[in-house]
Amino acid sequence: MAKLVQLSEAASLALHSMVLIAQSHNHVNVNILAQEMGASRNHLAKVLQQLVKHNFLKSIRGPSGGFML
C-alpha cells in the first residue's frame with residue numbers, strides 16, 4: 001500500500017502530540033507525552049515549543065507544568 005502523505009518526524013510528532021493533548025482535559029507534561037509516543041523527550045520538547053511559538057499550544061512552566069490547546 002502506498003503512503004498518502006509523507007510527513008517529517010517533527011510534523012508527525014506535532015500532530016500526534018496535539019491529538020493526545022486535545023484528548024486530555026488538563027495540561028500534559030512533555031515527559032508523559034514522550035513516554036506515550038516513544039519519542040525523544042528533547043526532540044519532542046523542541047517541536048512543542050515551536051507549536052507554542054506559532055500559537056497552536058500554550059505552555060505552563062514549572063515542575064507541574066505542561067502543554068494545553
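Mentor: A polar contact is a pair of N or O atoms within 3.5 Å; within protein, one must be able to donate a hydrogen and the other to accept it, and residues adjacent in sequence count only if both atoms are side-chain atoms. The model is predicted, so local features need pLDDT of at least 70 and side-chain atom pairs pLDDT 80 or more, whereas totals for chains, interfaces and linings use all residues. Residues are numbered from 1 along each chain as its sequence is written, and side-chain values use heavy atoms, without hydrogens and water.

Trainee: Which residue's backbone oxygen lies 2.8 Å from a polar atom of the side chain of S17?

Mentor: S17 sits in helix α1 (helices, H or I, of at least four residues and strands, E, of at least two are DSSP runs numbered from the N terminus). At 0% relative accessibility S17 is buried (under 20%, with exposed over 50% and partly exposed in between, for a 1.4 Å probe and protein chains only). Beyond its neighbours within four places in sequence, S17 has contacts (heavy atoms within 4.5 Å) with L33, M37, L44, L48 and L51. The backbone oxygen at 2.8 Å from its side chain belongs to L13.

Trainee: Is N55 buried or exposed?

Mentor: N55 lies in the loop between α3 (41-53) and β1 (58-60). Although not a glycine, N55 has a positive phi of about 65 degrees. With a relative accessible area of 70%, N55 is exposed.

Trainee: In what order do the elements of the chain run from the N terminus?

Mentor: The chain has 3 helices and 2 strands. From the N terminus on, their order is α-α-α-β-β.
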